[in-house]
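Student: Could you walk me through one part of this model up close? I'd like to hear about the packing inside it and what sits around it.

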Amino acid sequence: MFTVFNEEIARVARDIRDRHYTYVRGEMSEADLAAWQLSQFRGTVAYVKDNSPFYKRHLADVDPASISALTPQQLASVPFTTKDDLRNEFEAVLSQPLNKAWIFYETTGTTGRSTPCPRDNVDSLNNNTTLTVYYETIFKQYGENLVVGVSGPTELHAFGDTFGEVCRNLGHAVAKMWPHSPMVGYDRALKALRELPANGLFSTPGMALSLAKKARAAGLDPRRDFHLDVIMCTGELASPSLLENVGAVWGARAYNALYGSQESSVMGAAAADGLLHTAPLLNVYEVVDPLTGAAVEPASDGVLHGELVLTALYQGSKPLIRYRTGDLVRLTPAAADATLPAPTLEVLGRTRDELVIGGHRVNGYDLENLLLTHPRGYLDYQIVIDEVEGRDTLTLRLEVPDDDPEVRVDEQSVVRDCRERLGVDVSFEYGPLGPVTTTGAMVSWKAARIEDRRGAPDQERATALALTAGRAR
């Protein structure tokens with residue numbers, strides 16, 4: 001509504017909306033998209049050089065006009081921006097003073113010093129338009145005037161503002177609820193979900209399972225006593241296997257709704273095909289070797305595998321240039337039958353969190369997907385890696401309800417798949433996991449689901465790998 005009080009920003013909002021619809025309907029040619037991206041890339045580089053004290057120094061030798069194509073060779077002439085740059089430079093990275101923003105967020109600080117993430121109207125209009133247009137393809141499958149619960153980590157996070165506005169754009173009612181808040185809690189959140197009743201939910205996969213666990217503890221059946229049709233998951237790694245289980249527990253369809261962070265906002269979003277699509281109107285995407293920083297070569301099927309690097313194509317409070325996310329991804333060209341023409345992403349974990357198991361290199365996303373392909377109906381899980389007599393072994397810990405006839409695990413199939421893929425054995429443990437799969441902080445939605453205990457004396461000093469790619473950092 002704020003746009004009606006500012007004619008210029010109202011015009012900008014309409015332009016952004018119309019461009020997005022032109023793109024998702026397939027009415028923008030590849031040549032037109034490439035030309036637009038190049039123009040915006042140059043514009044963002046010039047903008048930050050003029051407005052950001054950090055980038056004025058960092059990009060001093062970069063002439064935006066000399067960039068004639070967004071090829072790996074030309075992009076390599078522009079220096080990376082790193083997380084250390086953001087932490088060390090702090091407000092110097094900003095391209096607008098704080099009083100020009102409409103809202104102020106910070107990173108959570110779980111991986112280092114919290115950094116400021118203000119957003120002005122240009123930031124929010126671009127990112128929320130992408131989410132609105134992409135999510136429209138999902139929500140229209142479930143009717144009009146949905147009631148959607150929005151369950152984020154804290155009231156001070158962008159989670160509630162962003163998804164609340166997107167649902168409002170699409171004509172859906174929103175109930176904001178924060179199960180971690182002492183003023184709300186899980187019981188009150190479940191009461192709201194049940195009595196509204198809500199047919200949609202934004203949450204993390206872990207929170208969706210925790211809500212189901214609390215419901216069962218109260219004598220309720222998530223499938224019978226609630227009315228959820230669609231669950232939009234974000235904030236943690238979410239493999240297809242995990243999403244299918246979240247959907248099975250609630251009798252709904254679960255999507256990997258968003259890949260984003262406080263620093264870089266929207267990097268990928270879901271569509272009706274269930275895939276996580278890039279946002280080419282928001283960012284230029286590169287995939288580089290995590291060790292060398294050089295552009296990776298595509299595989300025979302065109303897939304790029306490596307660390308994701310982003311450059312913002314809109315000029316707001318804090319556009320980042322060639323930002324190394326530290327996230328390992330697979331970037332796949334758009335399929336002919338996809339809902340959107342945008343390439344798709346699989347977010348595999350942090351680059352530093354790759355594992356070697358049984359002599360095979362594997363990331364957290366693929367390991368989770370492998371072990372959770374067959375179990376259905378569990379309410380919590382953890383994967384533990386041990387070394388026994390010089391051999392790697394896996395343990396899959398599952399918390400399953402005793403009174404649910406639809407729970408199935410199929411241990412034999414899990415064992416078979418692990419032996420074929422990794423050459424290791426897997427055992428199973430059943431029972432409550434308690435706080436072992438949370439960090440115990442206000443960012444406890446970032447679950448430590450994989451615990452590598454190899455080499456830990458008495459297995460007491462093991463460090464859990466927190467699978468947190470795509471979360472707000």
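Predicted model: local features only at pLDDT ≥ 70, side-chain atom pairs only at ≥ 80, totals over all residues.

Tutor: Let's start from Met-232. Setting aside neighbours within four places in sequence, Met-232 is in contact with Tyr-135, Ile-138, Phe-139, Leu-201, Phe-202, Ser-203, Tyr-255 and Ala-257. Apart from the core that Met-232 belongs to, there is another one of 51 residues, with Val-246, Leu-355, Leu-371 and Ile-383 among them.

Back to the core around Met-232: it is the largest nonpolar core, with 73 residues, and the members touching the most others are Tyr-134, Tyr-135, Phe-202 and Met-232. Helix α2 (residues 30-51) supplies the largest share of this core, seven residues.

Now for α6, which covers residues 121-139. Of its 19 residues, 16 are buried, so call this helix mostly covered. From first C-alpha to last, α6 reaches 25 Å, close to the 27 Å expected at 1.5 Å a residue. Its N-terminal end is capped by Asp-120, with a side-chain oxygen 3.0 Å from the backbone nitrogen of Val-122.

One more stop, in the loop between β6 (230-233) and α11 (240-250): that's where you'll find Ser-239. Why does Ser-239 count as buried? Its relative accessible area is 0%, and the cut-off for buried is under 20%. Again leaving out neighbours within four places in sequence, Ser-239 is in contact with Tyr-365, Glu-368 and Asn-369.

Technical notes: Residues numbered from 1 in each chain as written. Heavy atoms only, no water. Core = buried A, V, L, I, M, F, W, Y, C linked by side-chain atoms within 4.5 Å. Buried < 20%, exposed > 50% of the residue type's maximum accessible area, 1.4 Å probe, protein only. Helix = DSSP H or I, 4+ residues; strand = E, 2+ residues; numbered from the N terminus. Contact = heavy atoms within 4.5 Å. Expected span 1.5 Å × (residues − 1). Polar contact = N/O pair within 3.5 Å; in protein donor to acceptor, adjacent residues only side chain to side chain.
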